[in-house]
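I opened the notebook with two things to look up. I wanted the surroundings of a ligand, then the layout of a sheet.

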Amino acid sequence: MSKQAVGVIGGGAWGTALAQMLASDGRAVRLWAFEAPVVEEVNAQHRNTPYLAGIDLNPGIRATTDLADLADLPMLLVVTPAQHMRRVLAGLPQGEGDLVLCCKGIEEATGELMVDAARAAAPGRPLAVLSGPTFAHEVANGQPTAVTLACESEAQWDRIAPLIWRPAFRPYFSTDIIGAEIGGAVKNVLAIACGVVEGLRLGQNARAALIARGFAEMTRFGLACGAQAETLSGLSGLGDLVLTCSSMSSRNFSLGKALGEGRKAADVLADRATVAEGAFTAPVLQRVAKARGVAMPIVDTVCALLAGQVAAGDAVAALLARPLTAE
Ligand SMILES: NC(=O)c1ccc[n+]([C@@H]2O[C@H](COP(=O)([O-])OP(=O)(O)OC[C@H]3O[C@@H](n4cnc5c(N)ncnc54)[C@H](O)[C@@H]3O)[C@@H](O)[C@H]2O)c1
Ligand SMILES: O=P(O)(O)OC[C@H](O)CO
């Protein structure tokens, strides 16, 4: 008997890598991409040069620009940029299949997490969140990766984990959907800060300090929003924070490095087709944190840098000059 086909909404690096991972056990994968040329190249050449160069894609992946082609599948991974997710999902015909949200961000216009935006855009569909330390190229190459798969219920986990699990792709069960989302959204902003430290050549001590103090900010914010501490210290929180704050493979880290070297955020972003989610999440995260009375000085600093209100060196000096406090 042939395996159940599954779907992926989003033909960027991460959606394409997830499609490749899903297709690795011989099942058919339908991939929705925003750009027609991406669809044509995936179907004709089994490549996605603009977003995942150098990877030979499994021929079991069939791409489309029509969301109706995915509507009846039992599980859809949602992998658009966070700021486009609501609008894309609004175009998905009704269905009963699980939506597994894989984008990392907070919606700028509303301050909502992806799960709230998805609930409004695709009412009635069961929702889950997949998040963790996952560079797309490594997953596409079949390198070992572990993620948090936060589900609405054990029954949902029993339904979708067997569709997602592969020998080199290991999901861990959680019911903390809010925690899984907040880790992924906040770490992108903190990775920009770590990139700034790299761009200014401030050294490894400074980076480790930023990761630890950034994690304190993530934890304060997460707990205020109802996340569980163990999720924040797991794969989707601390795990992803460490990955993204340590590598030029991260678009957020490399954006921060450019800021540290004196470039303007608008110029760096204008040169890229790929998304650095932290640049969009930072201002809305700052807004929501302020409204909840959560102090996030590193996030505030990233916002000021992105807005061009302060030079990188001065921003770091201001962080260091804050009044001494308990850890
Ligand atoms: N790349 C990774 O390693 C990785 C890993 C984990 C999570 N993520 C998350 O996955 C999400 C998608 O990132 P990515 O890396 O796949 O993207 P990407 O940077 O590779 O590509 C940009 C994507 O944006 C799409 N896009 C551009 N304009 C659009 C529009 N108007 N409407 C809909 N889509 C549009 C493009 O089609 C493309 O799919 C992000 O939230 C990201 O944080 C990425
Ligand atoms: O390249 P980044 O900074 O978007 O990070 C990619 C993934 O989120 C890492 O887990």
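I asked which element gives the most to the shell around ligand 2. I found that H10 does, with 3 residues. I kept in mind that this is a predicted model.

Next I looked up the residues themselves. I noted 13 residues around ligand 2. Those that come nearest are Thr134, Asp240, Ser250, Arg251 and Asn252. I then listed the elements that give two or more residues to this shell: H7, helix H10 (235-244) and helix H11 (251-260). I sorted the shell by class and got 4 nonpolar, 5 polar and 4 charged residues.

I traced 8 strands in an open sheet, in the order E3-E2-E1-E4-E5-E6-E7-E8, with mixed pairing. I marked strand E3 (61-64) and strand E8 (169-174) as the edges, since each pairs on one side only. I read an average twist of 25° from one strand to the next.

I picked one pair to follow. Strand E1 (residues 6-9) and strand E2 (residues 29-32) run parallel and are joined by 4 bridges. I checked Val8 and found its bridge partner in E2, Leu31.

Last, I looked at helices on the sheet. Helix H1 (residues 13-23) packs on it and touches E1, E2, E3, strand E4 (75-78) and E8. The direction of H1 makes about 175° with that of E2. Helix H7 (residues 177-199) also packs on the sheet, touching strand E6 (127-131), strand E7 (145-150) and E8. I noted about 40° between the directions of H7 and E6.

Technical notes: Residues are numbered from 1 along each chain as its sequence is written. Chains are lettered from A and ligands numbered from 1 in the order in which they are written. This is a predicted model: local features need pLDDT of at least 70, side-chain atom pairs count only at pLDDT 80 or more; totals for chains, interfaces and linings use all residues. Two strands pair if DSSP finds at least two bridges between them. Axes are lines fitted to C-alpha atoms, for helices over the stretch in contact, and angles run from 0 to 180 degrees between N-to-C directions. Two residues are in contact if their C-beta atoms, placed from the backbone, lie within 7 Å. A residue is near a molecule or strand if its C-beta atom, placed from the backbone, lies within 6 Å of it. Ala, Val, Leu, Ile, Met, Phe, Trp, Tyr, Cys and Pro count as nonpolar, Asp, Glu, Lys and Arg as charged, and the others, Gly among them, as polar.
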